Amino acid sequence: MFSTLESFDTKLSADSVEWCPIDNFRDVFVCGTYKLAEADEDDERELTQRLGKLYLFRIQNGRLNLLQSYEGAAILDMKWAHTRICNKILLGIVTSKNMLEIHELVDDWNPTLELIKKVPVEESEETLALSLDWSMGNPMTYNCEVKIVVSTSIGTVCIFHLTTEGVEKLRSIECHDYEAWISAFNYWDSNIIYTGGDDSRFKSFDIRVDTPVMSSRTHLAGVTSIHCNPRQERSLASGSYDEYMRLWDTRKMSYPLSSKNLEGGIWRLKWNPFDGKHLLAACMYGGFRLLECENFENPQILSEYNEHTSISYGCDWSFLTSQEIVQRELYYDMDQQVALVSTCSFYDHLMNLSIVEFS
């Protein structure tokens with residue numbers, strides 16, 4: 001069951017929310033936005049300019065507190081590194097201007113984001129960087145040198161190596177005939193990535209070679225969301241415009257373990273960071289869904305959230321425990337298992353903060 005705590009007008013269309021997983025900052029999250037604005041008539045380069053805005057929030061004294069906002073290119077996806085990297089808290093952002101940006105969260109008392117690295121994803125400036133993921137999504141790992149995968153509007157995925165010296169592009173792999181909507185690492189084997197494209201293909205690659213390990217046409221429309229389970233090895237979820245969420249065993253990728261119609265094109269799937277048994281799904285024209293996947297062969301919809309009036313694009317779980325949620329005066333029953341989530345939607349430019357109660 002969802003209960004809305006607060007709503008925030010993001011002004012521009014909201015498409016991405018991500019909670020910080022790092023201790024002492026697990027009450028911090030970001031929201032990214034996107035807008036197509038008419039360009040100046042004298043600008044002959046293109047008819048539109050893609051603009052965006054980033055918001056940094058913190059939960060303080062039981063309320064949503066805006067810490068920082070700034071304008072830039074349209075933000076198409078964001079991910080926090082799940083552990084400190086060389087003692088830094090990092091946020092990766094991909095934008096409509098073919099850029100991978102690395103931001104650092106600084107200042108313990110009044111956190112802000114500072115841009116520390118920025119690199120083009122592909123050679124063409126017209127390319128949109130559509131999604132990203134870090135190789136160390138399993139929070140039990142730690143390394144100063146990690147990899148980032150970025151998918152693009154020209155059907156490629158690009159592998160980057162983040163080191164203490166900077167960001168190095170390792171390779172670009174041609175994966176899909178059309179937009180590569182999503183890319184994700186196998187958190188239990190960082191040599192393996194998964195990709196999904198508008199050609200309805202769901203693929204996996206070993207990043208040390210160019211040919212796919214697996215190529216599936218199980219999805220009947222564009223593959224838009226993939227998330228490796230950070231708590232349960234060999235568990236993977238994928239989603240598509242065909243409205244079906246599919247669960248996979250990464251040892252047997254020829255067919256899914258199960259599929260579930262969520263009654264809306266699926267844009268994002270997020271595993272619960274604590275138990276790896278619950279999924280949060282952004283279902284575009286179908287609102288948001290909470291699924292219980294303890295039995296991976298028979299997932300169940302526990303609850304629906306329909307407080308957004310436009311395309312449901314972004315969703316994420318807070319890393320705060322039930323006890324910490326009560327301590328922050330967001331909920332008052334210590335005996336009830338709850339989670340804190342953020343959701344956002346496009347044309348109504350709305351970001352909601354909600355409590356989820358588990359039965």
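His-103 counts as buried because its relative accessibility is 2%, where buried means under 20% relative accessible area, exposed over 50%, and partly exposed in between (1.4 Å probe, protein chains only). The model is a predicted one, in which local features need pLDDT of at least 70 and side-chain atom pairs count only at pLDDT 80 or more, while totals for chains, interfaces and linings use all residues. Residues are numbered from 1 along each chain as its sequence is written, and side-chain values use heavy atoms, with hydrogens and water left out.

The protein chain contains 1 helix and 28 strands; helices (H or I, at least four residues) and strands (E, at least two) are DSSP runs, numbered from the N terminus. The radius of gyration of the protein chain is 19 Å, close to the 21 Å that the globule rule gives for 359 residues, so the chain is as compact as a globular protein of that length. This radius is taken over C-alpha atoms, and the globule rule is 2.2 Å times the number of residues to the power 0.38. Along the principal axes, the C-alpha atoms fill a box of roughly 55 × 50 × 40 Å. Of the 359 residues, 62% count as buried. Among contacts (heavy atoms within 4.5 Å) with a separation of 6 or more, 52% are between residues 24 or more positions apart.

His-103 lies in strand β8, which spans residues 99-106. Of the 8 residues of β8, 7 are buried. Two strands are taken to pair if DSSP finds at least two bridges between them. Strand β7 (residues 89-95) pairs with β8 in the antiparallel sense over 6 bridges, and Leu-100 in β8 is the bridge partner of Val-94. The hairpin of β7 and β8 has 3 residues between the strands, and in this hairpin Asn-98 takes a positive phi near 65°. Strand β9 (residues 112-120) also runs antiparallel to β8, joined to it by 8 bridges. Met-99 stands opposite Pro-120 in β9. In the hairpin of β8 and β9, with 5 residues between the strands, Asp-107 takes a positive phi near 75°.

The side chain of His-103 makes polar contacts with the side chains of Tyr-70, at 3.3 Å, and Glu-101, at 2.9 Å. A polar contact is a pair of N or O atoms within 3.5 Å; within protein, one must be able to donate a hydrogen and the other to accept it, and residues adjacent in sequence count only if both atoms are side-chain atoms. Apart from residues up to four places away in sequence, His-103 touches Tyr-70, Ile-89, Leu-90, Leu-91, Ile-93, Leu-113, Glu-114, Leu-115 and Ile-116.

In a regular strand the side chains alternate between the two faces of the sheet. Glu-104 is also found in β8 and is buried, with a relative accessible area of 15%. Beyond four places in sequence, the contacts of Glu-104 include Lys-88, Thr-112 and Ile-116. Glu-104 and Leu-115 are 11 residues apart in sequence and 6.5 Å apart in space, C-alpha to C-alpha.

A search of the whole structure finds 0 disulfides, a disulfide being a pair of cysteine sulfur atoms within 2.5 Å. For Cys-228, the nearest cysteine sulfur is that of Cys-293, 14 Å away. Cys-228 is buried, with a relative accessible area of 1%. For Cys-315, the nearest cysteine sulfur is that of Cys-283, 8.2 Å away. Cys-315 counts as buried at 1% relative accessibility.
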